[in-house]
Amino acid sequence: MDQETKWQQQARRDPAQARNYIGRFAELRASGADLDGEARFADAMLARGSRVLDAGCGTGRVGGELAARGHRVTGVDLDAELLAAARTDFPGSRWLEGNLATLDVRDGAGERERFDLVISPGNVLAFVAPGTAAAVLGALADHLAPDGRLVVGFSPLKGYALETFEADAAAAGLRIDTLFSTWDMRPMRPGADFVVALLGPPRQ
């Protein structure tokens, strides 16, 4: 059995967690808040029709926007309620239930599917099961196309330090190409309260 994630632990304590999450972002969208910074960041790196894996997709907010921009999106999440919202709001994409630490997405021929971009925003790494972030990064790396890239975003204030992330990325066989402090590509600075990391497989 997969180890329980921090998100699942919180959901046991608060059964309304997913519903509240869905409602909060619906309110933000209705208020005119800009919720597409992550998708713009990702889209700038992609040719039209690229294969994108939204890892920890939640309600499909990021993956759905990337699909609207012409990409082929697969989203994976553990929360069935959030996935139901994604399937309702963005029916043109594929939304799968699964644990990122043991992720194994297969194509129609039964081969492991490879993606031009894997994106995991929204503090996903801070909510995985304790001690499994390196395994998650390794599983995401295994789904990268040969020239694919991985983008993750998280706040060190959520209990996942930048130094730990750097060690986990190295353990997963990933190289960190660039670090930003925001989705609009402001430079990384000491003590930043958010990290946007662009990674790729090790150079040969």
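I began with the largest pocket, which has a volume of about 750 Å³. I note here that the model is a predicted one. Of the 38 residues lining this pocket, Gly56, Pro121, Gly122, Asn123 and Val124 lie closest to its centre. I then looked up which elements contribute. Helix H1 (6-13), helix H2 (17-30), helix H4 (61-68) and strand E2 (72-77) each give at least two residues to the lining of the largest pocket. H2 gives the most, with three residues. By type, I find 18 nonpolar, 13 polar and seven charged residues in this lining.

The second largest pocket holds about 200 Å³ of space. Its lining is Tyr21, Ile22, Phe25, Ala26, Arg29, Leu35, Thr59, Arg61, Ala85, Asp89 and Phe90. H2 and helix H5 (80-89) are the elements that supply two or more of these residues. H2 again gives the most here, with five residues. I sorted the lining of the second largest pocket into seven nonpolar, one polar and three charged residues.

Leu150 touches Val118, Leu137, Leu140, Leu144, Leu174, Ala197, Leu198 and Leu199. Phe165, found in helix H7, touches Leu125, Leu137, Val152, Phe154, Tyr160, Ile176, Ala197 and Leu199. Is Phe165 buried or exposed? Phe165 counts as buried because its relative accessibility is 0%. I also checked Phe165 against Ala134: they are 31 residues apart in sequence, with 8.0 Å between their C-alpha atoms.

Why is H6 largely enclosed by the rest of the structure? The reason is that seven of its nine residues are buried. The buried ones are Ala133, Val136, Leu137, Gly138, Ala139, Leu140 and Ala141. I find the buried residues of H6 packing against E1, E4, E5 and H7.

I count 14 salt bridges in the structure. Arg61 and Glu38 meet through their side chains at 2.9 Å, N to O. Arg61 lies in helix H4 and Glu38 in helix H3 (residues 37-43), so this pair ties together parts that are 23 residues apart in sequence. Both Arg61 and Glu38 are buried.

Arg40 and Asp34 form a salt bridge at 2.7 Å, N to O. Arg40 counts as partly exposed, at 39% relative accessibility. Asp34 counts as exposed, at 52%. Arg175 is bridged to Asp177, with the closest N and O atoms 2.6 Å apart. Both partners are partly exposed: Arg175 has 22% relative accessibility, and Asp177 has a relative accessible area of 30%. Last, I logged a network of salt bridges linking Asp43, Arg48, Glu65 and Arg69.

Conventions: Residues numbered from 1 in each chain as written. Predicted model: local features only at pLDDT ≥ 70, side-chain atom pairs only at ≥ 80, totals over all residues. Heavy atoms only, no water. Contact = heavy atoms within 4.5 Å. 1 Å grid on protein atoms, 1.4 Å probe; cavity = no way out; pocket = protein on both sides within 12 Å on 5 of 7 lines; lining within 4 Å. Points joined across faces, edges and corners; volume = space filled by probe spheres on them. Helix = DSSP H or I, 4+ residues; strand = E, 2+ residues; numbered from the N terminus. Nonpolar A, V, L, I, M, F, W, Y, C, P; charged D, E, K, R; others polar. Buried < 20%, exposed > 50% of the residue type's maximum accessible area, 1.4 Å probe, protein only. Salt bridge = Lys/Arg side-chain N within 4 Å of Asp/Glu carboxyl O. Lists of a residue's contacts leave out its neighbours within four places in sequence.
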